[in-house]
Amino acid sequence: MKGDRVEIVVDAGDTTRTYEVIASRAGRRVETAVRRGVVEVSEVTRNGTVVRTARFMANRVLALVEQPVPREDGSERNAQQNAQQNA
C-alpha cells in the first residue's frame with residue numbers, strides 16, 4: 001500500500017547509514033527478501049513487477065524495520081469495537 005516503508009540500518013565502517021524504501025504510489029508495496037547473504041528490499045506493483053530494488057550485504061545490515069501504513073478497513077474497526085465492548 002502507498003506509504004508502506006522499510007528502513008535499513010547498515011554498518012558503514014566507523015558509522016552507520018540509514019536507507020528507506022517507500023511505496024510511492026497507490027497499489028504498490030514493499031517486499032523484503034534475504035537470499036545468499038544479500039538483503040533485498042523491493043518496491044513492487046500490484047501485478048508483481050519490481051519498480052526498484054535496494055541490495056545490502058546481510059552481514060552489514062544492523063536493523064531492518066518494516067513500517068506499514070495503518071489500515072482503516074472494516075475488519076480492524078470491528079475488532080477494536082469488539083475489544084472495547086468486552087472490556
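**Fold order of the predicted protein chain.** The protein chain of this predicted model runs β-β-β-β-β-β-α along the sequence. Helices (H or I, at least four residues) and strands (E, at least two) are DSSP runs, numbered from the N terminus. Residues are numbered from 1 along each chain as its sequence is written.

**Burial and surface of the protein chain.** Of its 87 residues, 24% count as buried. Buried means under 20% relative accessible area, exposed over 50%, and partly exposed in between (1.4 Å probe, protein chains only). The chain exposes about 6,300 Å², and carbon and sulfur atoms supply 46% of that area. Areas come from the Shrake-Rupley method with a 1.4 Å probe; for residues, only the protein chains shown count as cover.

**Contacts along the protein chain.** A contact means heavy atoms within 4.5 Å. Among contacts with a separation of 6 or more, 36% join residues 24 or more positions apart.

**The aromatic pair, Tyr-19 and Phe-56.** The structure holds one aromatic pair. Tyr-19 and Phe-56 form it, tilted, at 5.3 Å centre to centre and 40 degrees between the planes. Tyr-19 lies in strand 2 (residues 16–22) and Phe-56 in strand 5 (residues 50–57), 37 residues apart. Rings of Phe, Tyr and Trp (its six-membered ring) pair if their centres lie within 6.5 Å; planes under 30 degrees apart count as stacked, over 60 as edge-to-face and the rest as tilted.

**Exposure of the two partners.** Tyr-19 is partly exposed, with a relative accessible area of 35%. Phe-56 counts as buried, at 12% relative accessibility.

How values were computed. Predicted model: local features only at pLDDT ≥ 70, side-chain atom pairs only at ≥ 80, totals over all residues. Heavy atoms only, no water.
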